[in-house]
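Here's a quick briefing on pockets and a ligand. Have a look at the structure first, then read on.

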Amino acid sequence: MIIRNNVHAILRELPEGVELVAAAKGRTASEVLEAVEAGVRIIGENYVQEAERNHKTIDDRVQWHFIGHLQKNKVKKAVAMFDMIETVDSFKLAEEIDKRCREIGKIMPVLVEVNIGRERQKSGVLPENVEHLIREISLFPNLKVSGLMAIEPAGSNPEDSRQYFAATRKLYDSIRQLNLPNVEMRYLSMGMSETYRIALEEGANMVRIGTRLFGQRSQ
Ligand SMILES: *Cc1c(COP(=O)(O)O)cnc(C)c1O
């Protein structure tokens with residue numbers, strides 16, 4: 001009931017053309033199902049194992065996006081299940097996704113994850129290396145580069161994230177203007193529960209929201 005109301009409130013608030021990704025980490029399959037029944041069309045999963053469990057209950061009535069850190073040994077399972085991988089941040093990972101997709105005849109839409117806060121402990125590509133990586137991985141026939149994803153540095157004040165969103169948007173626009181072959185800069189995935197309003201003001205067209213849909217995580 002609470003989840004349903006939260007989903008309805010967010011969906012009402014998001015402008016036309018903005019995709020909602022329900023970030024499902026740590027939630028039960030029945031919680032995720034409640035969100036789907038309320039109108040969520042994309043589930044974001046951080047862990048392949050949790051995704052497999054939820055996928056069994058919910059299946060392909062929704063789209064599945066991988067939004068966590070993908071290890072090479074999980075790629076084979078991941079490409080079978082996911083409709084988009086939002087967190088490509090290395091040539092090696094892209095190469096493995098391409099290879100595993102080729103085996104099953106799939107073309108995987110991917111976003112390149114940008115480490116926009118230049119945080120040492122975080123995954124993602126540094127902004128100055130994004131164009132080079134995209135040029136390289138755009139040559140893989142079973143990948144389709146479809147945009148950028150960024151996780152802003154955690155901050156106490158949501159306004160602090162604005163500069164990072166603006167910088168990611170600038171990078172996104174500059175790469176889009178290159179019109180690279182086999183690259184479609186279509187999605188800009190940024191903004192979470194505390195920051196999505198600011199991300200929208202800065203040009204996000206995909207937001208990843210967990211807490212505001214499902215409530216506080218217990219762990
Ligand atoms: C958990 C998570 C989110 C959602 O975070 P909330 O603050 O709970 O909305 C978004 N993106 C990624 C990559 C996440 O891991």
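How do the residues of the lining of the second largest pocket divide into nonpolar, polar and charged? They split into seven nonpolar, two polar and three charged. Keep in mind that this is a predicted model, where local features need pLDDT of at least 70, side-chain atom pairs count only at pLDDT 80 or more, and totals for chains, interfaces and linings use all residues. Residues are numbered from 1 along each chain as its sequence is written, and side-chain values use heavy atoms, with hydrogens and water left out.

**The ligand**
- In the classes used here, Ala, Val, Leu, Ile, Met, Phe, Trp, Tyr, Cys and Pro are nonpolar, Asp, Glu, Lys and Arg are charged, and the others, Gly among them, are polar.

**Atoms that meet the ligand**
- An N or O atom in the side chain of S193 is 2.5 Å from an oxygen atom of the ligand.
- R208 has a polar side-chain atom 2.8 Å from a ligand nitrogen atom.
- From G210, a backbone N or O atom lies 2.8 Å from an oxygen atom of the ligand.

**The pockets**
- The ligand takes up the space of the largest pocket, which holds about 580 Å³.
- The second largest pocket has a volume of about 200 Å³, and its lining includes L11, P15, V18 and R41.

Note on methods: Polar contact = N/O pair within 3.5 Å; in protein donor to acceptor, adjacent residues only side chain to side chain. 1 Å grid on protein atoms, 1.4 Å probe; cavity = no way out; pocket = protein on both sides within 12 Å on 5 of 7 lines; lining within 4 Å. Sits in = over half its atoms within 2 Å of the grid points. Points joined across faces, edges and corners; volume = space filled by probe spheres on them.
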